Amino acid sequence: MNETKNKEKSWLRNLVESFGLPRLIITAFLLILLILAPFVGADLPTQISNIIARFSWNGILVLAMVPMVHSGCGLNFGLPLGIISGLLGATLSIEFGFTGAMSFVMAIVIATPFALIFGTGYGWLLNKIKGGEMMIATYVGFSSVSLMCMMWLILPYKSPNMVWGLAGKGLRTTISLEGYYSQVLANILRIKIGNLVIPTGTLLFFALLAAAIWAFLHTKTGTAMTAVGSNPVFARAAGINVDRIRLLSVVMSTWLAAIGILVYEQGFGFVQLYMAPFYMALPAVSAILIGGASVNKATIMNVIIGTILFQGIVTMTPTVMNNMIHMDMSEVIRIIASNGMILYALTRKTEGSK
Amino acid sequence: MNNGNAPLLEMRNIKKDFFGNQVLTDINLTVHEGEVVGLVGENGAGKSTLMRILFGADMIRETGGYGGEVLLNGQKVQFNSPFDAIEAGIGMVHQEFSLIPGFSTTENILLNREPVKKNLVSEVFGDRMNTLNRTMMDERAANAIEMMGVKVDRKMIISDMPVGHKQFTEIARELSKEQLKLLILDEPTAVLTEKEADALLESIRGMAKRGIAIIFITHRLQEIMAVCDKVVVMRDGYVVSEEASSNTSTAIITRQMVGRDVDQPASAASSDAEEKKDAPVILSVKRLWVDMPGETVRDVSLDVREGEILGIGGLAGQGKLGIPNGIMGLYPAGGTVVFEGKEIPLNSPRSCLDASFAFVSEDRRGVGLLLDESLEWNIAFPAMQIQNRFLKNYLGGLVKWRDEKAIKEVTDKYISELAIRCTSSKQKAKELSGGNQQKVCLAKAFALNPRMLFVSEPTRGIDVGAKALVLEALRRFNRENGVTVVIVSSELEELRSSCDRIAIVSGGRVAGVLPASSSVEELGELMLSQVI
Amino acid sequence: MNNKKKLSVRSLIVRIVALAAVIALAVILAVIGRGHTVYFDNKKLDADGTSYDPFYKVEVFVNDKSVAKLSEGDRGMVPVMGQDFKMVLHITPKKGSKKVGSAVSMKLPYNIDGIVLNLPALLSGAAEDVYMDEFIPTPTAEEETEDVVITDEFALPSDE
Amino acid sequence: MNEKTMRKAKFGAFLSRASVPMMFIIICALCIPIAGLSPNYLVNEIVTRMGRNSFLILSLLIPIMAGMGLNFGMTLGAMAGEIGLILVSDWQIVGIPGMVLAMIISVPISILLGLFCGKILNMAKGREMITSYIISYFINGVYQLVVLYLMGSVIPIKHGSIKLPRGYGIRNTVSLLNMRQHLDNLIPLNIKGVKVPVATFIVIAVLCLVIVWFRRTKLGQDMRAVGQDMEVARDAGINVERTRIISIIISTVLAGIGMVIYLQNMGNIATYSAHSQIGMFCIAALLVGGASVDKASIGNVFLGVILFHLMFIVAPRAGAYITGDSMIGEYFRVFVSYAVITIALVMYETNKRRVKSMEGERLRLDQEKEGKDE
């Protein structure tokens, strides 16, 4: 009897240890929100549709964390760099006059070389400063965003749908994608049952990329990448060119970020320029951490769980809180929870990060 | 000198074991005021452990304390931390420098013992807000330097100093402690130039005259003879001799250090040694230098014959570990390495592995294993990456998919072959014991099907049972697969029992290559011949 | 050991004294730094059956600086620090009549932010509760609108 | 030969240290004529900004001394200062007494926040900077919880002028009109049309003296030791963890006081954004002054303030003149701030690695020479 009690206790402790206390709290919080939602008058199917939609927009941005975490480059605080590649793809695709689904395809095609170039430079830099990746990644992201702020003004864009109407030059802060690729993925096989809407196409696209990453991690090079992240000295002793693998991971992360922002835009319906990419790294970082990743370990499951939990809290708290106590504390809760999660991950001791 | 009172230090019947492994047995050591005692012994003889006990190191307490008693001036003492030992008047200069690089000599000498002046702020916020008394600091540092008798610039910044001066700064720091009665010097001359070493010996004599007792640990026997009143020789956790230095000689000491009372059984492999004598040279190393911190290799030339087991022995820090690490490209190296008539480029782990070398590193946790990954990964990884094994090819070889089944098969094979104790092939490497981790490292190397295997310290830090298994596995691998093996180890006995020939490295050079059947004394002499 | 303990008692006392000093300083600052806004009314006031007529012109000096020139029916104001309030008034009672100087000093109530002084009543020597009144600000319509609160840059771009 | 290479290395180190300030001098030299601002205006602005920012930047020095890098957590102190000011302005304590009282209130808050920050940083040794950076976001959330929800509902706030109309929470801006520039104007001095905030400069000078003095205390010495080699310091009996926490606490407290000085000059509090950028600008200014992640002096602070803010003033004008778009200059200065921090961080990390490889290089040369001798 006593023994079973002990067992239960250790089972609980194991759960806490393997799952992490903050993660447990966040999961419990989301569950409570979901349970409360109908009681405070929120429509559950709408809420769930919201979560799924948000998941489909953000999933790939979170997925972009995976390669760099695997190769030991840490959390990709430099996500904005990839996002900028995506934005270049998006704006150029529109500038060249592509419309509809074609504009989405072309955006990806155009964004790819930018992502490869930026990613290579970024990866080269990160190889020079092993050990200080995260801080420098943050500032590389910030610098590139502010540099692009100037570029959006200077570059000779002409399309009347994008430039400021009065001045006739300089891109607008938000560009509507109506008539371009707004919802092109989401509309594929869209399912609608009452208030429940599922953007099947976007989910499939995410699944496609996630499966590709999963498959990559099962190949020879993918295995080498994981080993580099787990113990770079071991990998070197086994004849792996550590720098090249790291570079590859950074390029992959950057490219995924570029694709991620395009998918985000197709769901959201707008391209956001200027300071917008600035604020997109931290939510992605904390999402993957909430999903159970650590500074040097991450799986596809972490991405999926993390994005659902994070986006769930983002969408649920305002509605539930507002209806319950007429006080919209969702912003504050989100800031504390997501940054707290990052702090928690940073203070864990990790073997591989040397 | 000996005035008939209770001796300054007396260690009685000191015993110490690490998890059942007896490392010190009934050690008795007496040191009188102003006496210089030389302490010699091979690595692993127990010198460091003995000194750690004396100095109250945390590591001793954490591993279950020690037996016997330590008396200072006739009173039993028990140190719970190095700070207690310092309080009681014991000072120790470690092999690694413990200095703040950006501080001046003075600041380092008085680190955390700075004389201070009180002020108003410190009344409120506590003593740490006292201001430093620079004039008094200078005075005290000058005193300590004078006491040492070697000229050191008080104002020089440590990072600008030659190594010798750093060493002297450390000694001056100990001397600046007023309560200092006994100073332990752990291989202080290892980093000094000849001139500096002479100065140090001179200063040791000076300190002894002032009544400070000194325990002097070194491998340079002539220094012992030059400066010590008494020589204590340790071997395998025993004190084998305690003599006035006038009654002994370097030759006697050497024999005592490595000698055995009874003749050891002849090397197990020596029977085949004869036939391998004529085997062709498979690996030829010429003028190899390796920049491995703490294990520098200088100008090593060495031939390895096909199918033999070559042992490389030597004291710690003399460069034996640098040889395999340098050849395998883990540390910057130069020289030529020729394998089967083909030159192998250095500084490139990949080309060594391509030449079907394999290496089991002495740094299991740092280099040898993916601690966070499964045994399967650990064992199959290099073979997969180097030889494209355990992979399934799709799309005409464009996609190289991990073949989990083949990986599991090979892992299970080695688990049973080497008797690796684990819950399954999916268990994480970090969860295994040291001995089993070592077996995983071996399995990793075996899985590469190498023609040439380097094994570095294969038995370090593992228990006796595992030791025998590991060595046996190596011998079998050598015999059955005809693989040439180079074993680097600090344990002479181990080399003598497993190898065909033994090369002894001393001072970063090969001091000589002897058949494994050579006597321990012969090998020991080589070991000490060029010590730096 | 004993020595050490004694020392810590001593330092404890020093620390308590220092802390008390800081708290005392804070209290003193809170008292002397209390700011008030003093409003001067040059208006007709009827109270307790007495009527106080405004002056033709009043100029108010605080700290040798002219802070208000009031015609009939005007209101002026000055922000001041502390409760000791001194002002000098240059009064022209009727049009064309001669300027009269008058120095007034008074204690302001600590708890009131905005204090309205009716100058005619004050100078006629009326009781304090007659010439002194609390100023209650009426929020303007513009202020009433809810501020848009910017949170931090961490927030996702608003995508509702 | 050895000495020559040494000197060369030292000169190289000097060059790399001086490169960022040099770059800024060049940028400013190019922009000033283009911007076409009067020298009087420029000097006035610079003097004002020196008074406004120097104290805040000085608060960064002590953690650098203790080897904890650039303290992005100084934002915590800034928040404490803001809370002090919000409370004081609700209590209607004005002028210099109000400022001092706000500082006194901020100190215990800063100590608590600094303690929290220090403890967390001790758990994340080796990545202090990114951690302190995230801490600043985390505490910003807590700050918003307090200021936006607890003030007015739990913490009494009386005045409608600073409270949101909904009854709790603080407005977007809080006016500090009744203490605006009171410190700056305490001792008025006007040299040829340049207003000099003498009293503020005196306060800053006192802090500089305190920092110089602090370096000579036991604690200062301990911090330097801990900053250079934690293990050695620990072996010598210094309580490393405690020393590091204290350094962060001191920095946070100074930042709190500095924020009060900063805001008295500004004359109002942007309740939810004043602190968020302050850390970044202070760090950028310090780096522009030639400081690095592990070394910074008082001189760096002042040089940094002058150069950085000179750039800040002239860049938008120059940008507008060249491109005809005022936003370009705005973005340019933000870009430069970030770029400076990026460059400084990259230089710090690469230097760390170069030192290591240089040691190996020397050993190799020695051995090669020796090898040839034999």
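Me: Where does D:Ile111 lie?

Reply: This is a predicted model, and in it D:Ile111 belongs to helix H5 of chain D, which covers residues 95–123.

Me: Why is D:Ile111 called partly exposed?

Reply: D:Ile111 has 17 other C-beta atoms within 10 Å. A residue is buried at 20 or more such atoms and exposed at 12 or fewer. The value of 17 falls in between, and therefore D:Ile111 is partly exposed.

Me: With which residues is D:Ile111 in contact, leaving aside its neighbours within four places in sequence?

Reply: The contacts are with D:Ile249 and D:Val253. The criterion is that C-beta atoms, placed from the backbone, lie within 7 Å. As for D:Val334, 223 residues from D:Ile111 in sequence, the two C-alpha atoms are 31 Å apart in space.

Me: What makes D:Phe201 buried, exposed or partly exposed?

Reply: D:Phe201, in helix H7 of chain D (residues 198–215), has 17 other C-beta atoms within 10 Å. Along the chain, D:Phe201 and D:Phe55 are 146 residues apart, while their C-alpha atoms are separated by 9.2 Å.

Me: How do you know that the size of chain A agrees with a compact globule?

Reply: For 354 residues, the globule rule gives a radius of gyration near 20 Å; chain A has 21 Å, and therefore the two agree. Along the principal axes, the C-alpha atoms of chain A fill a box of roughly 80 × 60 × 35 Å. Buried residues account for 54% of the chain, and its secondary structure consists of 14 helices and four strands. Of the contacts in chain A between residues at least 6 apart in sequence, 75% join residues at least 24 apart.

Me: What does the corresponding comparison give for chain B?

Reply: Chain B has 532 residues, for which a compact globule would have a radius of gyration near 24 Å; the chain has 26 Å, which agrees. Its C-alpha atoms fill a box of roughly 80 × 60 × 45 Å along the principal axes. Chain B contains 20 helices and 24 strands, and 48% of its residues are buried. Among its contacts between residues at least 6 apart in sequence, 67% join residues at least 24 apart.

Me: Which residues have the most contacts inside the largest nonpolar core?

Reply: They are A:Met65, B:Ile214 and B:Phe216, in a core of 431 residues. Beyond its neighbours within four places in sequence, A:Met65 is in contact with A:Leu75, A:Asn76, A:Ala284, A:Val285, A:Ile288 and A:Ala298. As background, nonpolar side chains in soluble globular proteins tend to be buried together.

Me: How many residues form the contact between chain A and chain D, and which element of chain A gives the most?

Reply: Chain A contributes 31 residues and chain D contributes 35 residues. On the chain A side, helices H6 (100–128), H7 (133–154) and H14 (330–347) give two or more residues each. H7(A) gives the most, with 14 residues. By class, this side has 21 nonpolar, nine polar and one charged residue.

Me: What makes up the side of chain B that touches chain A?

Reply: This contact takes 23 residues from chain B and 17 residues from chain A. Helices H13 (349–354), H14 (364–368) and H15 (375–387), together with strand S20 (399–402), each supply at least two residues of the chain B side. H15(B) gives the most, with five residues. The classes are 15 nonpolar, three polar and five charged residues.

Me: Into which domains is chain C divided?

Reply: Chain C has domain 1 (1–32) and domain 2 (35–138). Taken over C-alpha atoms, the centres of these domains are separated by 45 Å.

Note on methods: Residues numbered from 1 in each chain as written. Chains lettered and ligands numbered in written order. Predicted model: local features only at pLDDT ≥ 70, side-chain atom pairs only at ≥ 80, totals over all residues. Contact = placed C-beta atoms within 7 Å. Nonpolar A, V, L, I, M, F, W, Y, C, P; charged D, E, K, R; others polar. Domains from an automatic or database assignment. Rg over C-alpha atoms; globule rule 2.2 N^0.38 Å. Core = buried A, V, L, I, M, F, W, Y, C linked by C-beta atoms within 7 Å.
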